[in-house]
Amino acid sequence: MMALKYSKQREAIKEFLATRTDHPTADVVYMNIRKAFPNISLGTVYRNLSLLASLGEVNKMTPGDGADHFDWNTEPHYHVVCTECGCVQDLPMELVQDMNKLAEKYYDGVIDGHNVYFYGNL
């Protein structure tokens, strides 16, 4: 595999995501990255986020609100989606350790992973 060329913009996107716990959309990332890189395009932000997700450096989540959200924490964990404002946050709950094995009882193949979103409001 070819080494990835260093990009100040991509590093800035990663650094921005590392400061967030609310799992922003690409639009939110774009609005904030523009402060440091006024000429950056929304397309560049989308491409970099997609690249980072494909490399496993960030998680891309689709919780059902029509927009992808991005999470710096790539360790397995659960999320809660606010049904009023749409924000996505980490849910500091223990993982159900054998969920993949349990699901395999109902599936003829091998389960590689799962995503769980909880929905609620304050």
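Predicted model: local features only at pLDDT ≥ 70, side-chain atom pairs only at ≥ 80, totals over all residues.
H69 is found in strand β2, which covers residues 69-71. H69 has a relative accessible area of 5%. Because buried means under 20% relative accessible area, H69 counts as buried. A polar atom of the H69 side chain lies 2.8 Å from the backbone oxygen of H23. H23 is also among the residues that H69 touches once residues up to four places away in sequence are left out.

Helix α2 spans residues 26-33, and its residues A26, V29, Y30 and I33 are buried. Seen down the axis of α2, the buried residues fall within an arc of 100°, so they line one face of the helix. What do the buried residues of α2 pack against? Their partners are α1 (8-18), α3 (42-54) and β2.

Leaving aside neighbours within four places in sequence, V29 is in contact with I13, F16, L17, P24, V45 and L49.

In soluble globular proteins, nonpolar side chains tend to be buried together. The largest nonpolar core of this model has 14 residues. Those with the most contacts inside the core are I13, L17, V29, I33, V45, L49 and F70. The elements that give two or more residues to this core are α1, α2 and α3.

Charged side chains make a further set of links. The structure holds 4 salt bridges, and K14 takes part in a salt bridge with E11 and in another with E57. In the bridge between K14 and E11, the N to O distance is 3.4 Å. These two residues are 3 residues apart in helix α1, which means that about one helical turn separates them. In the bridge between K14 and E57, the closest N and O atoms are 2.8 Å apart. K14 lies in helix α1 and E57 in the loop between α3 and β1 (59-61), so this pair ties together parts that are 43 residues apart in sequence.

E11, at 24% relative accessibility, counts as partly exposed.

Another salt bridge joins D68 and K60, with the closest N and O atoms 3.5 Å apart. D68 is partly exposed, with a relative accessible area of 27%. K60 also counts as partly exposed, at 45% relative accessibility. Salt bridges that share partners join E11, K14 and E57 into one network.

A pair of aromatic rings is described by the distance of the centres and the angle of the planes. In this model the count comes to 1 aromatic pair. The rings of Y78 and F118 have their centres 5.9 Å apart and their planes at 90°, so the pair is edge-to-face; the cut-off for that class is an angle over 60 degrees. Where do the two residues lie? Y78 is in strand β3 (residues 78-82) and F118 is in strand β5 (residues 117-120), so the pair ties together parts that are 40 residues apart in sequence. Y78 counts as buried at 3% relative accessibility. F118 is partly exposed, with a relative accessible area of 31%.

N100 is partly exposed, with a relative accessible area of 23%. Which residues does N100 contact, when its neighbours within four places in sequence are left aside? They are I111, D112, G113 and H114. N100 and R47 are 53 residues apart along the chain, and 31 Å separates their C-alpha atoms.

Terms used: Residues numbered from 1 in each chain as written. Heavy atoms only, no water. Helix = DSSP H or I, 4+ residues; strand = E, 2+ residues; numbered from the N terminus. Buried < 20%, exposed > 50% of the residue type's maximum accessible area, 1.4 Å probe, protein only. Polar contact = N/O pair within 3.5 Å; in protein donor to acceptor, adjacent residues only side chain to side chain. Contact = heavy atoms within 4.5 Å. Arc of directions from axis to C-beta. Phe/Tyr/Trp six-rings, centres within 6.5 Å; stacked < 30°, edge-to-face > 60°. Core = buried A, V, L, I, M, F, W, Y, C linked by side-chain atoms within 4.5 Å.
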